Amino acid sequence: MPCKKTSFRDSGLAGELLARIERDAPSETIQIMEVCGTHTMAIFRHGIKRLLPPSIRLISGPGCPVCVTPISYVDRAIALSSLPDTVIVTFGDLLRVPGSYSSLEQENAKRADVRSVYSPLDALELARCFPEKKVIFLGVGFETTTPTVAAAILSARSQNLKNFKVLAANKVIPPPMRALISGGEVRLDGLLCPGHVSAIIGSDAYAFLAEEFGIPCVVAGFEPLEILGAISFLLSQKKEGVARIDNLYRRFVKADGNPKARAVVSEVFEPADAEWRGLGFIPGSGLEIRPEFEEFDASLIEVEVPKSREPFGCRCGEVLRGMLEPRECPLFGKACTEERPVGACMVSSEGSCAAAFRYGN
Amino acid sequence: MSKILLAHGSGGKKSHQLITEVILPHFDNPILNRLDDQGIFTLGKSKVAMSTDSYVVDPPFFAGGDIGKLAVHGTVNDLAVSGARPLYLSVGLILEEGFEICELEKILRSMQEAAQEAEVSIVTGDTKVVPRGSADKIFINTAGIGLIEGEAITGSGARPGDLILINGTIGDHGMAVMAAREKFDVSNVFSDSAPLHGLIREVMKVSEVHAMRDPTRGGVATTLKEIAIQSKTSLLIEEEKIPLHPAVGALCDLLGFDPLFVANEGKCLFFVHPEGAERALAAMRLHPYGKNAAIIGQVEEGPAGQVALKTAIGGKRLLDMLVGQQLPRIC
């Protein structure tokens, strides 16, 4: 039984892929952005950067949902946690993200009731168990998790659970990618497109990146061989002088994604402009709860939220735009560590600063 | 640090800070200051190891064990890793009003069975009951003493050249508790809770053990880091050689845990003189609690306190102690 090796971590196959990457690597430096935070973590966890030829530079994009959530959202969640008979329910990553003055973890240690769960349906269960309390789920996430939030709201309505609320900051991925690339701040030679998000939106959703901007794209999973495979495919496109969408994650991702999940989302949510940490307001990049579901919308709860302020010296914004490597931030590893994070990128398990700190410090 | 956070109980960096910055200054003495899992001192002509541990695992019953068994094994192992022969235990029970007596009896029976297997006697105890809500079902404290017949083994004895061994798969306990807590329907993930004094005795008979410790909360990575710091050495671990049950690996992947940081309750890391390493490995594999034992790395000359991991695909990264809370109330 010891260490059953999965075929996606086979060192022999990894060696072959690395040889192919070495052979196809151009002499000038090229930049490949991994959009998704889970890719960032996998790249660090498996030590992939150190295996690549020096001309291939991997940079992280805005695909960590907790990282791109603006500080004002955290402040509002903290303010809501201080209301009487209120339970705040969240995915664990958000607990330690610093707000302007505190974090949910610190509030929980004081007197607030903050609980972490794996699924919005667990929050629904809490609402059922504590009918006298308001149970507020923090809806932070991309296309991957939003369908489950929508399903929880639909289920709350059918069970008439009026004490279940969602503070929605759900976001979608294509608009910030367009904003990032048309902004022109960072030159991209290839995109490693997210795996889980693509399972919902489909690989066709990235067509505009290849067609309008001429950027080679590969959709891939999160195992080391899949990531190496994606890099090799991007280099091949580059070599052939083409830009298209290659899908290396066919076991989960279809060209048109998961229409059923998308239908559930659009029943409950409608597109809205949204603020992204580091990227500002991006039109159509967020989701709001539709007025017909307003009884579940926690953003309508009146609460006094102190004026937000960004932590001094924090450069998460540039890190999220791929302009700054975590290590290049003057706070990295000094004022900002995993134990005492200043910015969100150091907190989330998908944050590029946390990945760089945990696996490479 | 103005309030206790759950992360202070994680067994990782925050726990370390709480101990060294808040607790230790009050009790400052050379025996405690070593910060091993047990205090070692002489009584008359005997060298004695003493250890204590409290158990708050939630839920109290999980696949492969329960809080009672854990409370015996944990303290027995904390004694055994110093090279001591565990002898006597005390048991303190904190019970919540309303807890079922039949569940308590189940736990007590399990404690007695575990004590018998570990060749220790429970010789004193205490019982408290608190109002409903002031504790969660049952908390147990055990303390134990053991006799050290040879040299005491500490976390600071690892030397360059030593090989690093572990007696089986990692992360089993943490994931079994997680599965029980979240009511995941998995049938093949079991806690590894086990007394290790027998296995340790066999290893020490055939090899020169320079350091050893049981990687409980904080997992293998945290313990390796502690030993690298205490021994002022550098460690190189090979991911491919670390035994991992496929079901535990899959559950970790699913929930976003790194098995290197997940708790074990029946594992020990041994730092052994290279000459005896193969014999130690063979001795472990013959023992019921060491069937999947493996040599997972070595101690090297290099920056003091550094732990490097060679990944399965040949990459390299550094390991640090667990930061934040991975799983509260795991033991």
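1. A disulfide is taken here as a pair of cysteine sulfur atoms within 2.5 Å, and by this rule one disulfide is counted over all chains. A:Cys64 and A:Cys67 form that bond, with their sulfur atoms 2.2 Å apart, and because the torsion about the S-S bond is about 70°, the disulfide is right-handed. Both A:Cys64 and A:Cys67 are buried, where buried means under 20% relative accessible area, exposed over 50% and partly exposed in between, using a 1.4 Å probe and protein chains only.

2. The model is predicted, so that local features need pLDDT of at least 70 and side-chain atom pairs count only at pLDDT 80 or more, while totals for chains, interfaces and linings use all residues. Residues are numbered from 1 along each chain as its sequence is written, chains are lettered from A and ligands numbered from 1 in the order in which they are written, and side-chain values use heavy atoms, with hydrogens and water left out.

3. For A:Cys329, the closest cysteine sulfur belongs to A:Cys314 and is 6.5 Å away, too far for a bond; A:Cys329 itself counts as buried, at 11% relative accessibility. The sulfur of A:Cys336 has its closest cysteine sulfur in A:Cys353, at 6.3 Å, which is again too far for a bond, and A:Cys336 counts as buried at 8% relative accessibility.

4. Leaving aside neighbours within four places in sequence, A:Leu191 is in contact (heavy atoms within 4.5 Å) with residues including A:Met33, A:Met177, A:Leu209 and A:Leu234.

5. Five aromatic pairs are found over all chains, a pair being rings of Phe, Tyr and Trp (its six-membered ring) with centres within 6.5 Å, and planes under 30 degrees apart counting as stacked, over 60 as edge-to-face and the rest as tilted. A:Phe222 and A:Tyr249 have ring centres 6.2 Å apart and planes at 90°, so this pair is edge-to-face. A:Phe222 and A:Tyr249 are both buried. The rings of A:Tyr249 and A:Phe252, with centres 5.3 Å apart and planes at 70°, are likewise edge-to-face, and A:Phe222, A:Tyr249 and A:Phe252 form one aromatic cluster.
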